[in-house]
Number of protein chains: 2
Amino acid sequence: MEIFKVLRKSDLFSQIDDQTIAKMINCFDAKGVVFEKGQQIVGQGQEIKDIILLAKGEANAQNEDLFGNISIILNISSGDFFGVEEAYAEEPCYKDSLVATEQSLVVFFNKDKLISPCANNCLCHQILTKRLVKILSSRSLALTDKIKHLSQRGIKDKVLSYLQTQSRHANSRYFDIPFNKTELANYLAVERSALSSVLSKLKKEGIIDFEKKRFFLKNIKE
Amino acid sequence: MEIFKVLRKSDLFSQIDDQTIAKMINCFDAKGVVFEKGQQIVGQGQEIKDIILLAKGEANAQNEDLFGNISIILNISSGDFFGVEEAYAEEPCYKDSLVATEQSLVVFFNKDKLISPCANNCLCHQILTKRLVKILSSRSLALTDKIKHLSQRGIKDKVLSYLQTQSRHANSRYFDIPFNKTELANYLAVERSALSSVLSKLKKEGIIDFEKKRFFLKNIKE
DNA sequence: TAAGTTTTGTTGTTTTTTCAACATTTTGAG
DNA sequence: CTCAAAATGTTGAAAAAACAACAAAACTTA
């Protein structure tokens with residue numbers, strides 16, 4: 001079945017043999033559904049019944065505030081999960097909507113079956129929970145990094161904070177970032193044009209250099 | 001032993017009987033240490049050997065950037081953990097330093113013993129992992145909320161985004177926030193005086209009202 | 001209660017960011 | 001290759017935020 005190939009690509013099921021995956025699919029009452037571009041997969045405020053794996057395709061986590069402004073919280077790509085935090089933090093509803101931005105294969109896992117150990121006391125839950133802890137931890141670290149950047153006062157400080165993290169992560173003063181400039185502006189929550197001029201200035205000053213998505217960050221210390 | 005009383009207050013050990021806690025202490029090689037105000041508990045970049053529970057007292061998670069600027073990332077209070085994300089995401093080092101802001105009792109849990117199931121295959125790890133998932137999920141949701149606020153362009157939007165969340169959380173248009181105005185400015189990463197004048201303006205416009213830490217948010221929709 | 005400290009609000013100046021508009025370059029589809 | 005669309009850089013005017021400085025209010029605590 002194609003779903004096996006797809007599941008094996010997600011963090012949650014990688015390096016687990018097909019037999020075990022089959023057991024898990026059964027155990028967690030997994031159901032695959034195809035959504036077309038633009039369709040809503042789940043709605044903000046909707047009661048949580050499933051944890052969602054975006055097995056194939058792309059979707060946006062969107063949030064609508066009291067004024068009706070819609071903002072894109074997160075871009076969900078193939079292999080990502082949605083609703084895990086809400087489910088395990090015992091929140092009743094999804095915090096955001098999930099909308100397909102292209103044709104997508106979505107797998108729904110029954111939340112209750114996922115959370116409580118099943119009758120036959122299989123290993124599924126142990127394996128799963130252990131992996132979840134790692135996924136959640138990594139996500140938490142990424143979020144903390146982003147907060148660190150966003151908390152900087154000026155655009156210059158924001159972008160340098162971001163580049164430092166990327167540089168440190170790549171363990172080199174030369175590194176690629178996963179965004180183009182427009183996306184970077186969006187990530188750092190600043191005006192694209194302002195970001196552009198700040199980058200130009202930093203380049204002139206010799207503090208950074210860049211070309212497309214490749215950056216160089218001068219080592220400030222020492 | 002006093003440590004039992006203290007542990008029972010943390011999310012990780014609440015509602016677990018003393019006998020099991022005793023087993024866990026043994027299982028995870030837990031060690032309690034007292035730190036004085038101003039002392040560093042662990043340092044940024046230091047190799048992770050333990051997950052840390054601040055059993056009593058208060059501490060700050062601090063981050064020093066390449067320019068030498070120190071910023072307070074998080075205030076850790078009694079019952080909070082430090083280093084969980086790094087440990088489970090398999091990062092080699094602590095991202096931040098932890099510094100006691102008052103006399104504190106700190107419990108160190110051996111990271112490796114915590115993560116891998118022990119020889120006698122006790123229930124400790126299952127209980128623990130399950131609780132961790134919940135703790136991590138809640139933390140992740142809180143971080144996502146904060147990012148949502150910080151991503152708003154103006155101070156006015158930032159503070160309204162924050163108040164909306166608080167209001168929704170309290171399920172009432174009247175609610176208390178956990179910050180005074182100075183702390184709120186710090187949380188939203190804006191100038192205190194600017195926040196103050198924005199709040200005044202919103203109050204004049206009748207959109208919000210406040211008195212000390214108690215707020216009222218007018219329902220904008222409908 | 002009195003004195004000192006912290007919190008809060010206000011205001012004017014300076015700096016920074018946003019906004020809008022446009023030119024140039026790059027990318028991608030056909 | 002060609003054309004349209006998207007991404008990028010630049011600039012000047014308008015708006016907003018940071019900054020600095022101060023006064024009033026609230027809260028400690030001796």
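**Exercise 1. Find which elements supply the surface near DNA strand C, and describe that surface.**

Step 1. At least two residues each of the surface near DNA strand C come from helix 8 of chain A, helix 7 (181–187) of chain B and helix 8 of chain B. Helices (H or I, at least four residues) and strands (E, at least two) are DSSP runs, numbered from the N terminus. The model is predicted, so local features need pLDDT of at least 70 and side-chain atom pairs count only at pLDDT 80 or more, while totals for chains, interfaces and linings use all residues. Residues are numbered from 1 along each chain as its sequence is written, chains are lettered from A and ligands numbered from 1 in the order in which they are written, and side-chain values use heavy atoms, with hydrogens and water left out.

Step 2. Helix 8 of chain B gives the largest share of this surface, four residues.

Step 3. There are 15 residues around DNA strand C, and A:Ile155, B:Lys181, B:Thr182, B:Arg192 and B:Ser200 come nearest. A residue is near a strand if one of its heavy atoms lies within 4 Å of it.

Step 4. By class, the surface has four nonpolar, seven polar and four charged residues. Ala, Val, Leu, Ile, Met, Phe, Trp, Tyr, Cys and Pro count as nonpolar, Asp, Glu, Lys and Arg as charged, and the others, Gly among them, as polar.

**Exercise 2. Identify which parts of DNA strand C are approached by B:Lys181 and by B:Arg192.**

Step 1. For B:Lys181, a backbone N or O atom lies 2.9 Å from a phosphate oxygen of DNA strand C.

Step 2. For B:Arg192, a polar side-chain atom is 3.0 Å from a base oxygen of DNA strand C.

Step 3. Of the atoms of DNA strand C within 4 Å of the protein, 64% belong to sugar or phosphate, and the rest belong to bases.

**Exercise 3. Describe the surroundings of DNA strand D.**

Step 1. DNA strand D is surrounded by 16 residues, and the closest are A:Lys181, A:Thr182, A:Arg192, A:Ser200 and B:Ile155.

Step 2. A phosphate oxygen of DNA strand D lies 2.6 Å from a polar side-chain atom of A:Ser200.

Step 3. Helix 8 of chain A provides four residues, the largest share of the surface near DNA strand D. That surface divides into four nonpolar, seven polar and five charged residues.

**Exercise 4. Characterise the interface of chain A and chain B.**

Step 1. Contact, meaning heavy atoms within 4.5 Å, involves 45 residues from chain A and 45 residues from chain B.

Step 2. About 4300 Å² is buried between the two chains, 64% of it on carbon and sulfur atoms. Buried area is the accessible area (1.4 Å probe) that two parts lose on being put together, summed over both.

Step 3. Four salt bridges are found across the interface; the term requires a side-chain nitrogen of Lys or Arg within 4 Å of a carboxyl oxygen of Asp or Glu. A:Arg153 forms a salt bridge with B:Glu191, with the closest N and O atoms 3.6 Å apart.

Step 4. On the side of chain A that touches chain B, strand 4 (58–64), helix 3 (84–88), helix 5 (124–150) and helix 6 (155–170) of chain A each supply at least two residues. Helix 5 of chain A contributes the largest share, 17 residues.

Conventions
A polar contact is a pair of N or O atoms within 3.5 Å; within protein, one must be able to donate a hydrogen and the other to accept it, and residues adjacent in sequence count only if both atoms are side-chain atoms.
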